[in-house]
Every structure is written in C-alpha cells, then in structure tokens.
Amino acid sequence: MKVLLVNGSPHKEGCTFTALCTVSDTLNQNGIDTDMFWIGNRPLSGCIACRKCREKNCCVFQDVVNDFLELAGDYDGFIFGTPVHWGGASGAITSFLDRAFYADLNGGGKRFYLKPAAAVISARRAGTTAAWDQMNKYFGLMQMPIITSRYWNMVHGTTPEEVREDRKGIQTMEILGHNMAYFLKCRDIGSKLLPLPPQMSVVYTNFIR
C-alpha cells in the first residue's frame, strides 16, 4: 500500500511540506509507502469547461495536472496539503484539483474512487478551518472517504522551524498518519471480503425540476 502526498504550496520545502513530511514519516512507521508530489510554482490555469476530458481521460492542458493523473491510479490514498491564502486554500491547489478531479470524473478514470483522502492546512494565523472545509468538498464529490485526526488537520508557523515548534499541530499530523494507515489496512482486508457498492447511473437535475 502506498500514499501520495501532494504539496500545493509554491514553496517546495516550506511549511506545508514540513507538515506533510510528518504525516509521511508516521505512515512509513506503519508500513505504508509514501511519495511526495509538488505541484510547482508555475501559473496553473483553472478549468475552462471545454469537456475534452471526456474523450481524453485527462486534461486538455498538458502540465502538472496530467503528470499527477498519470501517477494517481497507482496509489491507495492521498494527502493534499495547502497553505492558507486570503482565508482559504491557495489558488494553485484549487485550480489543480478542479482540473484533476473533473478530468477523472468526466473521463471515467476512477483513479480516486473509494480511496481515502485528507487535507493538511498550514497558516501563519487564521483561515485554516475555512480552507479545510473547502478542500474536503472535493473529496466528498469524488466518493473518497475523508480521514481526520484528533483535531482539524492544521499547523501554524511562518517557517518550517516554527511549524516544528507547533506541538499540537505536529501531533495532529502524526495522528492523521496513524488514522490513514489504519483505514488503508481495514480497506485492504474489506476489499477481499466484500464487493464494491453497486454503481448507479448519474442523475442530473437543476433546481426547478
């Protein structure tokens, strides 16, 4: 079993990375392999609703989003990290997830179906719970079980050193790693005993019908 940790910060080895590393170390202690994926700091376009992903099973823009989609099917779980920008998740990670998840959903890729996910949020001060709520909405739409910790999945600090001094935050990351590992092992056992839930065709409605 292995988990992909996605660093959605423009800083490759900053505060978000530091929090993700703590989760990664804990997963490794539980026998779960991990890899880190950085979305980079180049501008990322949002989804333009061209729906070409229905044909391609990937995004029409060839960039880091498709690099991620090529890898995602090989992983059993995901941790997505983001800093807080303007009281919410960063624009880069939201553009990234908008396109990655929409392309998978429209293309029928099922790279994420029933695979556990968690969000990790880093901030200097405020906006953490709003960003956490925002990130969890993606997982709910993709039918990904959301893994939690003893507290909301957040760390505080303006530097990696300050994050490491956030004892509550670091412990929260450790518990998150243990919980993710436990869920993955339960899922592995359960998948050998039970069939997947029945698949239903999608019903599309609007608010007047």
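Here are legends for a set of close-up views of this predicted model.

The model is predicted, with local features needing pLDDT of at least 70, side-chain atom pairs counting only at pLDDT 80 or more, and totals for chains, interfaces and linings using all residues. Residues are numbered from 1 along each chain as its sequence is written, and side-chain values use heavy atoms, with hydrogens and water left out.

**View 1. The largest nonpolar core has 37 residues.** A nonpolar core is a set of buried Ala, Val, Leu, Ile, Met, Phe, Trp, Tyr and Cys residues joined through side-chain atoms within 4.5 Å. "Buried" means under 20% relative accessible area, "exposed" means over 50%, and "partly exposed" is in between (1.4 Å probe, protein chains only). Look for Val6, Phe68, Phe78, Phe80, Phe96, Phe101 and Phe112, which touch the most other members. Two or more residues come from each of β1 (2–7), α3 (64–72), β3 (77–85), α4 (91–107), β5 (117–123) and α5 (128–141). Those names are DSSP runs, numbered from the N terminus: helices are H or I with at least four residues, and strands are E with at least two. Helix α4 gives the most to this core, with six residues. Apart from it lies another core, of 20 residues, among them Val3, Val23, Ile79 and Met173.

**View 2. Here is the neighbourhood of phenylalanine 112.** Leaving aside residues up to four places away in sequence, Phe112 touches Phe68, Leu69, Ala72, Phe78, Ala100, Phe101, Asp104, Met142 and Met144. Contact here means heavy atoms within 4.5 Å.

**View 3. Helix α4 has 17 residues.** From its first C-alpha to its last, α4 reaches 24 Å, close to the 24 Å expected at 1.5 Å a residue. That expected span is 1.5 Å times one less than the number of residues. Just after the helix, glycine 108 takes a positive phi of about 70 degrees.

**View 4. Aspartate 63 and arginine 99 meet in a salt bridge.** A salt bridge is a side-chain nitrogen of Lys or Arg within 4 Å of a carboxyl oxygen of Asp or Glu, and the structure holds four of them. In this one the N to O distance is 2.9 Å. The pair links distant parts of the chain, 36 residues apart: aspartate 63 sits in the loop between α2 (53–56) and α3, and arginine 99 in helix α4. Aspartate 63 is partly exposed, at 21% relative accessible area, while arginine 99 counts as buried at 2%.

View 5. Arginine 164 is exposed, at 52%, and glutamate 161 is partly exposed, at 47%.

**View 6. Asparagine 136 is found in helix α5.** With 12% relative accessibility, asparagine 136 counts as buried. Not counting residues up to four places away in sequence, asparagine 136 touches Ala119 and Ile146.
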